[in-house]
Amino acid sequence: VGCKAILVFFQYGVMANFYWLLVEGLYLHILLVLIFSPNRHFTIYLLIGWGIPTIFIITWTVTRIILEDTGCWDTNEHGGPWWVIRIPILISIIVNFILFISIIRILLQKLRSPDVGGNDQSQYKRLAKSTLLLIPLFGVHYTVFALFPDHSSNNYKIIFELCLGSFQGLIVAVLYCFLNSEV
């Protein structure tokens with residue numbers, strides 16, 4: 001029971017990570033689209049970041065108990081319970097990637113406006129810098145292997161996610177906290 005409880009909390013942490021990335025994307029997108037919106041929707045963000053993973057982890061736990069209650073739940077012989085977690089994560093990755101593309105489009109429109117000075121090269125340099133800063137914030141690197149089957153690209157996926165995913169928090173902290181004079 002202890003091993004299963006630890007795995008449930010682990011899966012909850014993984015899923016909450018993806019949904020908090022989605023919340024960051026939604027928040028930034030809303031800030032760019034609705035500049036003068038007085039309502040910040042923090043309760044909705046909390047429900048998305050903590051609530052959606054809770055619902056799906058409870059559903060996953062129940063399906064594991066009913067369909068595949070073997071061992072410590074660290075193997076997935078039947079696909080059903082695994083997809084209860086996998087589909088919401090895939091949806092959050094896809095929505096976050098769409099938000100990322102939309103924000104890049106908004107940044108490009110703002111850089112092309114006549115109010116922004118500078119030549120084309122400096123504008124594209126600013127766009128490239130903004131895009132590179134947004135990649136770790138949105139977790140865009142997860143889209144590389146998100147739609148591949150787990151068994152086909154497992155070795156490359158592990159290396160890729162260990163190299164980029166494990167440093168994501170550090171990169172975000174350095175870029176948005178430590179190097180930001182406003183923080």
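I began with Trp50, which is partly exposed at a relative accessible area of 42%. For this term I took buried as under 20% relative accessible area, exposed as over 50%, and partly exposed as in between, with a 1.4 Å probe and protein chains only.

I noted that this is a predicted model, in which local features need pLDDT of at least 70 and side-chain atom pairs count only at pLDDT 80 or more, while totals for chains, interfaces and linings use all residues. Residues are numbered from 1 along each chain as its sequence is written, and side-chain values use heavy atoms, with hydrogens and water left out.

**Entry on aromatic rings.** I searched the whole structure and recorded 6 aromatic pairs. Rings of Phe, Tyr and Trp (its six-membered ring) pair if their centres lie within 6.5 Å; planes under 30 degrees apart count as stacked, over 60 as edge-to-face and the rest as tilted. One of the pairs is Tyr12 with Trp50, which is stacked, at 6.2 Å centre to centre and 20 degrees between the planes. Tyr12 belongs to helix H1 and Trp50 to helix H2, 38 residues apart, and the pair links these distant parts of the chain. I took helices (H or I, at least four residues) as DSSP runs, numbered from the N terminus.

I then examined Trp20 and Trp50, whose ring centres are 5.5 Å apart with planes at 70 degrees, so this pair is edge-to-face. Trp20 is in helix H1 and Trp50 in helix H2, so the pair ties together parts 30 residues apart in sequence. Trp20 is partly exposed, with a relative accessible area of 24%.

**Entry on salt bridges.** I counted a salt bridge where a side-chain nitrogen of Lys or Arg is within 4 Å of a carboxyl oxygen of Asp or Glu. The count comes to 2 salt bridges. In one of them Asp69 meets Lys4, with the closest N and O atoms 2.6 Å apart. Asp69 lies in the loop between helix H2 (42-67) and helix H3 (79-112) and Lys4 in helix H1 (residues 2-33), so this pair ties together parts 65 residues apart in sequence. Asp69 is partly exposed, at 40% relative accessible area. Arg64 and Glu68 also form a salt bridge, at 4.0 Å from N to O, and both residues are buried.

**Entry on Met15.** I located Met15 in helix H1 and found this residue buried, with a relative accessible area of 0%. Beyond neighbours within four places in sequence, Met15 has contacts (heavy atoms within 4.5 Å) that include Pro53, Phe56, Val84 and Pro88. Met15 and Pro88 are 73 residues apart in sequence and 8.3 Å apart in space, C-alpha to C-alpha.

How values were computed
Helix = DSSP H or I, 4+ residues; strand = E, 2+ residues; numbered from the N terminus.
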